[in-house]
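Trainee: I would like to learn how to read a model of this kind, feature by feature. Where do we start?

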Amino acid sequence: QAQASCQGRARLSCASLFVFLHTMWPLCGGGAAKNDGSVLMFHIGTNNWQREGEFAPGSGILHASMHQTFNSIAGVKCYSIYPSKIQTNPKDDDTFRIFKLEHDI
């Protein structure tokens, strides 16, 4: 795994780097690094979360739960992205985004 820094430490797989740069980078201030012990995480989901009337498999529910849990820990900020044909980006939460698909998963 490659390592990157943006407001702390982030671990990114090479495959997720493109998605990270184009969808999440602006949310974390474009790269201003801090060495304050905080942790910045990026989760790339392969299945949708269960919201907006769309059923989710177990891995999507687990991803959503982990995202919420990590963001409840002091000093941790977690950003997530996952695919969906149906769902839209949230208006009240800037910590996750939808990778829009034109087909079912």
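Trainee: Where in the protein is confidence lowest, and where is it highest?

Mentor: pLDDT is the predictor's confidence in each residue, from 0 to 100. The protein averages 76, and 65% of the residues score at least 70. Strand E1 (residues 2-5) has the lowest confidence, at a mean of 38, while strand E5 (residues 96-100) has the highest, at 95. Over residues 1-18 pLDDT stays under 50, although the model has 37 contacts there beyond four places in sequence; contact means heavy atoms within 4.5 Å. Where pLDDT is low, the predicted coordinates should not be read in detail.

Trainee: Which pattern does the protein follow along the sequence?

Mentor: Helices (H or I, at least four residues) and strands (E, at least two) are DSSP runs, numbered from the N terminus. The protein has two helices and five strands, in the pattern β-β-α-β-α-β-β.

Trainee: Which residues form the largest nonpolar core?

Mentor: Buried means under 20% relative accessible area, exposed over 50%, and partly exposed in between (1.4 Å probe, protein chains only). A nonpolar core is a set of buried Ala, Val, Leu, Ile, Met, Phe, Trp, Tyr and Cys residues joined through side-chain atoms within 4.5 Å. The largest one has five residues: Trp-49, Ala-64, Tyr-82, Phe-96 and Ile-98. Of the 105 residues in the protein, 36% are buried.

Trainee: How many aromatic pairs does a search of the whole structure find?

Mentor: Rings of Phe, Tyr and Trp (its six-membered ring) pair if their centres lie within 6.5 Å; planes under 30 degrees apart count as stacked, over 60 as edge-to-face and the rest as tilted. The search finds four pairs. Phe-42 and Tyr-79 are stacked, because their ring centres are 5.8 Å apart and their planes lie at 20°. That pair links distant parts of the chain, with Phe-42 in strand E3 and Tyr-79 in strand E4 (residues 76-84), 37 residues apart. Tyr-82 and Phe-96 are also stacked, with ring centres 6.2 Å apart and planes at 20°. Since Tyr-82 lies in strand E4 and Phe-96 in strand E5, this pair ties together parts 14 residues apart in sequence. Ring pairs join Trp-49, Tyr-82 and Phe-96 into a cluster.

Trainee: Which side chains meet in salt bridges?

Mentor: A salt bridge is a side-chain nitrogen of Lys or Arg within 4 Å of a carboxyl oxygen of Asp or Glu. Two are found in the whole structure. Arg-51 forms one with Glu-52, the closest N and O atoms being 3.2 Å apart. Lys-85 and Asp-104 form a salt bridge at 3.9 Å, N to O. Lys-85 lies in the loop between E4 and E5 and Asp-104 in the segment after E5, so this pair ties together parts 19 residues apart in sequence. Lys-85 counts as partly exposed because its relative accessibility is 40%, whereas Asp-104 is exposed, at 57%.

How values were computed. Residues numbered from 1 in each chain as written. Predicted model: local features only at pLDDT ≥ 70, side-chain atom pairs only at ≥ 80, totals over all residues. Heavy atoms only, no water.
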